[in-house]
Amino acid sequence: MPALILPLIEAAAHWTPRGALIGLDLGTKTIGVAVSDPDRRLATGVTTIQRKTFTKDAAELLRISGERACAGFVLGLPINMDGSEGPRAQSTRAFARNFAKLTDLAIGLWDERLSTAAVERELIANDVSRARRAEVIDEHAAIFILQGALDRLAALGRQP
């Protein structure tokens, strides 16, 4: 049976009480990957995957989740500013549907509006070069997405 794909709060009910979560920022060329600590308090960057084929990308994500004893996934959903879902959100949902066939860990969708823009502003403020920003932007966006989700869950009392 494929994994459940649910809004973040609903997905949290299907995760074990303790265990790392993996945060993903899906780009057209790369996938930013972040992981939380087992107590789900802090998100840290893991890597940026250069996208190849869905099968190879998914295999790498499953490898990382196995190494980290992952309890679930948080996938950034790029919703438009007006709340509608455009082609990028549809592409993200399609990725989630296909990925869900390969894992039994619930996938939580989290509104990632402005995450990349916020990260870019932060990197610029810290005087990170344009070339370096291009290398780390997706991984940092994944951290931003996952940390936002962790903070929301903590605020709702869903985490220890």
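Predicted model: local features only at pLDDT ≥ 70, side-chain atom pairs only at ≥ 80, totals over all residues.
Which residues is I31 in contact with, leaving aside its neighbours within four places in sequence? I got back L24, D25, L26, T47, T48, I49, R51, D57, L61 and F95.

**Entry 1: the core around I31**

I looked next at where I31 sits among the nonpolar residues. The largest nonpolar core has 24 residues, and I31 is listed with I22, L24, V33 and L61 as having the most contacts inside it. I then asked which elements supply this core. Those giving two or more residues are β2, β3, α2 (54-67), β5, α3 and β6. The largest share, five residues, comes from α3. I also noted another core lying apart from this one, with 17 residues, including A34, A106, L150 and L153. A general reminder to myself: in soluble globular proteins, nonpolar side chains tend to be buried together.

**Entry 2: strand β2**

L24 and L26 turned up in the contacts of I31, so I turned to their strand, citing its burial: seven of the seven residues of β2 (residues 20-26) are buried, and β2 is therefore largely enclosed by the rest of the structure.

How do the residues of β2 point? I found A20, I22, L24 and L26 pointing one way, with L21, G23 and D25 pointing the other way. Both sets are buried.

**Entry 3: the partners of β2**

I checked the pairing next. β2 runs parallel to β5 (residues 70-77), joined to it by five bridges, and A20 stands opposite C70 there. β2 is also joined by five bridges to β3 (residues 30-36), this time antiparallel. With three residues between them, β2 and β3 form a hairpin.

**Entry 4: T103 in its loop**

T103 is placed in the loop between α3 (87-100) and β6 (107-111). Is T103 buried or exposed? Its relative accessible area is 10%, so T103 counts as buried, the cut-off being under 20%.

I then looked at what surrounds T103. Its side chain reaches the backbone nitrogen of L105 at 3.1 Å. Leaving aside neighbours within four places in sequence, T103 is in contact with M1, P2, A3, L62 and F73.

Conventions. Residues numbered from 1 in each chain as written. Heavy atoms only, no water. Buried < 20%, exposed > 50% of the residue type's maximum accessible area, 1.4 Å probe, protein only. Helix = DSSP H or I, 4+ residues; strand = E, 2+ residues; numbered from the N terminus. Pairing = 2+ DSSP bridges. Polar contact = N/O pair within 3.5 Å; in protein donor to acceptor, adjacent residues only side chain to side chain. Contact = heavy atoms within 4.5 Å. Core = buried A, V, L, I, M, F, W, Y, C linked by side-chain atoms within 4.5 Å.
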